[in-house]
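Subject: Structure handover

Hello,

Here is the structure I said I would pass on. My notes on it follow below.

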Amino acid sequence: FTPAPRVPSSTPPSARKREGGLTPCGRDTASQRAVLGERMDDLPRMLPHLQITSPPETCPNSPRHAPNAPLPSTTTPRKRSAASPASPVPTSCDRFIPNRGAFDIAVSKFEIARRCDAENARHDYNASPAKEEYKRELASTLYHGQAASNRVLAFKSTHTSSPRSSAAPATPTESLRALYTLNKDSLNTPKRFLRRIPQMAERILDAPDLIDDYYLNLLDWNCDNILVIALGSAVYLWNNTDGQITKLMQEPPDSGFDVTSVSWAPGGKQLMVGTSRATVELWDTVALKRVRTLEGHSARVGALAWANAHHCTSGSRAGEMRHHDTRAPPHSVAAAKAHQQEVCGLKWSSTHGSGGSRLASGGNDNLLCIWDDRLTTAPQLQLARHTAAVKALAWAPWQRHLLASGGGTADRMIRFWNASTGQCLNAVDTHSQVCALQWSHHDKEIVSSHGFSHNQLILWRYPSMVKLAELSGHTSRVLHLAQSPDGVTVASAGADETLRFWKIFNGPGAKGRDETDLRNGITEARTIR
């Protein structure tokens, strides 16, 4: 546009206002119309040099209110040097976007479901720790160790390619080198053998007239592989080597006489028999005759235990215990009474007469007493943690002062004790009456027999107390347990009048594989009579 002519400075301000704008009355002057005409004539000539931005159609009259219109910048941009490189523009994210290719959806789903299963397992008393261990091993194998540390969401991939997933070598030499490298670690680690525990009894014998009494001890197995069992008023010997059955003694059925306990001497030739007449009889099993009768009790003798080849301890329903020397004419060596009710469990820690032996006694008064070998009248320790009768007692053969005890129906606990200090090392709730306990001679395992409500045998791993097997077959409570001299087979006698043999322990030198019996069990029905 052509600039308007300036009015000389000598013109008064009022005159300059009237010449450069509107008159007070609003009418154009002649000079203003001339200037406006000149500007209008120059407009077509300047149009090609103008850049006119049309406003959006939605708002043609107000371009400053158009949506998403950029605001004009009020700062003067600085001139960038050509030598300086462009600085990186920082990026910012307002949320976490995971990389789905960096994690395994199946493993993540397994991790979420496993926590729910663990929560449910805590409220289920039948959940076996062995099954949980199997699940962990299976998950580690299937997911190549990722299940323990896999994240549900991952930002970037952290997995590295393993030698197994890499491409095969091109030459045979490289192929052999790769195979050796992959299997080098497995050769150094010891091989794990899968142990098979038969779920069925190897042999079943009929045992009629077996007294259904929790407080009696009617089964034992000696070092010559001969098992003794008391059935009513009779005592039978069964040779596991040749299957021969021998009747040791028999009283008339109407005599009111019952055998209430049996126990083999360490040598395997003599047998101690407790009776309902408050007497203890010593028998020679080779000559099949009674050697002598030991008296002194005032009630039936329900528990017997040998300290060595010549000394034996007996416990009666009156709560008294007597120590006998089978060689001396006055057989009674000492007497003690620490229980107020029937003594139903007796067990010496050593059957070889070594110094420092201890005697454990359990009674119907829920007490567990520990005695030393000095035969004192008072127990060394008196433990009252059980809430029911303590019949099941077992000393660990591989640890001198470790004792296991089991409680009755109101207690249902298996407890492990330090016999030197009286400290309870561990306890597990079996949810069933504990009738008998037997330690393995070769492994840190223990088997327990139970009554109501499952009537089963349970094999435990010590000290984790993981269930290795649950053996069912008895239809009534399993009252007695005995172990073979080789430490492999366990015999169980139940109130269902059956005697069952289970091959559940490892033998000497075994590495966890049951190589001697690959059958599901032999159910040979025979009568012990």
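Among contacts in the chain between residues at least 6 apart in sequence, what percentage join residues at least 24 apart? The figure is 50%. Please keep in mind that this is a predicted model.

Overall make-up. The chain has 529 residues, and 40% of them are buried. It contains five helices and 29 strands. The chain exposes about 31100 Å², of which carbon and sulfur atoms supply 52%.

Nonpolar cores. The largest nonpolar core has 31 residues, and the members touching the most others are Leu227, Ile229 and Leu499. At least two residues of this core come from each of the strands β2 (219-221), β3 (226-231), β4 (234-239), β5 (245-250), β6 (259-264), β7 (270-275), β27 (489-494) and β28 (498-503). Another core, of 16 residues, lies apart from it; Val434, Trp439, Ile458 and Trp460 are among its members. As general background, nonpolar side chains in soluble globular proteins tend to be buried together.

A nonpolar patch on the surface. Tyr134, Leu138 and Leu142 form a surface patch with about 330 Å² of accessible area together. Tyrosine 134 belongs to helix α4 (residues 129-142). Its relative accessibility is 55%, so tyrosine 134 counts as exposed, the cut-off being over 50%.

Two loop residues. Arginine 300 sits in the loop between β9 (289-294) and β10 (301-306). Is arginine 300 buried or exposed? Arginine 300 is buried, because its relative accessible area is 12% and buried means under 20%. Its side chain makes a polar contact of 3.1 Å with the side chain of aspartate 213. Beyond its neighbours within four places in sequence, arginine 300 is in contact with several residues, including Tyr215, Leu216, Thr260, Gly315, Arg317 and Glu342.

Proline 198 is in the loop between α5 (172-188) and β1 (203-206). With a relative accessible area of 4%, proline 198 is also buried. Which separation divides the C-alpha atoms of proline 198 and isoleucine 504? They are 6.9 Å from each other, although the two residues are 306 residues apart along the chain.

That is what I have for now.

Regards

Note on methods: Residues are numbered from 1 along each chain as its sequence is written. This is a predicted model: local features need pLDDT of at least 70, side-chain atom pairs count only at pLDDT 80 or more; totals for chains, interfaces and linings use all residues. Side-chain values use heavy atoms; hydrogens and water are left out. Patches are made of residues with over 30% relative accessible area and no salt bridge: like charges are joined within 9 Å, nonpolar side chains (Val, Leu, Ile, Met, Phe, Trp, Tyr) within 5 Å. Accessible areas come from the Shrake-Rupley method with a 1.4 Å probe; for residues, only the protein chains shown count as cover. A salt bridge is a side-chain nitrogen of Lys or Arg within 4 Å of a carboxyl oxygen of Asp or Glu. Helices (H or I, at least four residues) and strands (E, at least two) are DSSP runs, numbered from the N terminus. Buried means under 20% relative accessible area, exposed over 50%, partly exposed in between (1.4 Å probe, protein chains only). A polar contact is a pair of N or O atoms within 3.5 Å; within protein, one must be able to donate a hydrogen and the other to accept it, and residues adjacent in sequence count only if both atoms are side-chain atoms. Contact means heavy atoms within 4.5 Å. A nonpolar core is a set of buried Ala, Val, Leu, Ile, Met, Phe, Trp, Tyr and Cys residues joined through side-chain atoms within 4.5 Å.
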